[in-house]
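Here is a short briefing to read with the model open beside you. Take a look at the structure, and then we can walk through its pockets, helix contacts and backbone details together.

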Amino acid sequence: DDDPSENTMQILEILKKYGVNATFFVLGEKCELRPELVLKMFEEGHTVANHTYSHVYETVYQSAETLREEIYRTEDIIASIIGRENVMKLFRFPGGAMSERQSQLRSDFENFGYKYADWNALNGDAETADYTYDHCIARIKETCSDTGDVIILMHDAPLKAMTVAALPETIEYLLSQGYSFERIVP
């Protein structure tokens with residue numbers, strides 16, 4: 001979530017090294033700043049999905065109309081980079097879809113022509129500001145244990161360097177547990 005950032009190139013290099021395809025839930029305002037990274041995500045076989053334009057809860061969740069405006073604005077930006085025919089109608093609600101704030105908007109959301117994806121596992125990089133490498137690995141092991149198919153929440157933002165550092169061990173652990181990696185396609 002929250003890409004692209006100054007960490008994205010390193011993330012892409014790690015994913016390429018391991019032959020892993022991922023889903024990047026991008027922010028429109030960041031795509032405008034780093035379109036070359038969005039194009040690289042797409043060209044390397046990853047899903048580029050929508051995560052709103054601003055990620056500012058007070059704006060995004062003000063109404064169904066503001067949510068739709070944020071989604072469509074980001075869609076237009078993504079389309080300008082990778083081509084409208086390549087835009088995936090896939091979305092992740094900032095903060096997740098299951099919170100009370102989003103519950104009323106989910107019914108309106110279906111009219112936007114998008115599907116949304118949430119997570120059922122995470123590395124904990126949004127749980128605390130002072131998370132550590134060991135915390136990331138421990139949370140992956142804990143939340144992926146006996147879960148079956150998992151969608152793991154990780155963040156690509158300037159302050160998430162520890163997420164990048166822990167990514168190789170995360171991939172190696174999941175592979176050792178018999179997981180395979182697939183991008184989300186609606």
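Which residues line the second largest pocket? They are Asp2, Ala126, Ala129, Tyr131, His155, Ala157, Pro158, Leu159 and Lys160. Please keep in mind that this is a predicted model.

**Pockets**

- The second largest pocket has a volume of about 160 Å³, and its lining divides into six nonpolar residues, one polar and two charged.
- For the largest pocket, the space comes to about 800 Å³.
- A set of 30 residues lines the largest pocket, and those nearest its centre are Asn21, Ala22, Ile152, Phe181 and Glu182.
- By class, the lining of the largest pocket holds 17 nonpolar, six polar and seven charged residues.
- Three elements, α1, β1 (23-26) and α8 (161-176), each bring at least two residues to the lining of the largest pocket; α8 gives the most, with six residues.

**Helix α1 against α8**

- On the α1 side, the contact is made by Gln10, Ile11, Ile14, Leu15 and Tyr18, which meet Val164, Leu167, Pro168, Ile171 and Glu172 of α8.
- Sorted by class, this contact of α1 with α8 has eight nonpolar residues, one polar and one charged.

**Helix α1 against α3**

- Helix α1 (residues 8-18) also has helix α3 (residues 35-43) as a partner: their axes come within 10 Å and cross at roughly 15°.
- The two helices, α1 and α3, are therefore roughly parallel to each other.
- Thr8, Met9 and Leu12 of α1 are in contact with Leu37, Lys40 and Met41 of α3.
- The contact of α1 with α3 counts four nonpolar residues, one polar and one charged.

**Helix α7 against α8**

- On α8 there is also a contact with helix α7 (residues 133-144); the axes of α7 and α8 come within 9 Å and cross at roughly 40°.
- The handedness of the α7 and α8 crossing is right-handed.
- From α7, the residues in contact are Tyr133, Cys136, Ile137, Ile140, Lys141 and Cys144. They meet Met162, Thr163, Ala165, Ala166, Glu169, Thr170, Tyr173 and Leu174 in α8.
- By class, the contact of α7 with α8 has 10 nonpolar, two polar and two charged residues.

**Backbone details**

- Where is Pro4 found? Pro4 is in the segment before α1, and the peptide bond leading from Asp3 to Pro4 is cis, with omega near -10°.
- Thr52 is a residue other than glycine with a positive phi, near 85°.
- To find Thr52, look in the loop between β2 (47-50) and α4 (57-60).

Definitions and conventions:
Residues numbered from 1 in each chain as written. Predicted model: local features only at pLDDT ≥ 70, side-chain atom pairs only at ≥ 80, totals over all residues. Heavy atoms only, no water. Axes fitted to C-alpha atoms, helices over the stretch in contact; angles between N-to-C directions. Helix = DSSP H or I, 4+ residues; strand = E, 2+ residues; numbered from the N terminus. Parallel < 35°, antiparallel > 145°, perpendicular 65-115°, else oblique. Contact = heavy atoms within 4.5 Å. Nonpolar A, V, L, I, M, F, W, Y, C, P; charged D, E, K, R; others polar. 1 Å grid on protein atoms, 1.4 Å probe; cavity = no way out; pocket = protein on both sides within 12 Å on 5 of 7 lines; lining within 4 Å. Points joined across faces, edges and corners; volume = space filled by probe spheres on them. Left-handed = near helix turned anticlockwise from the far one by under 90°.
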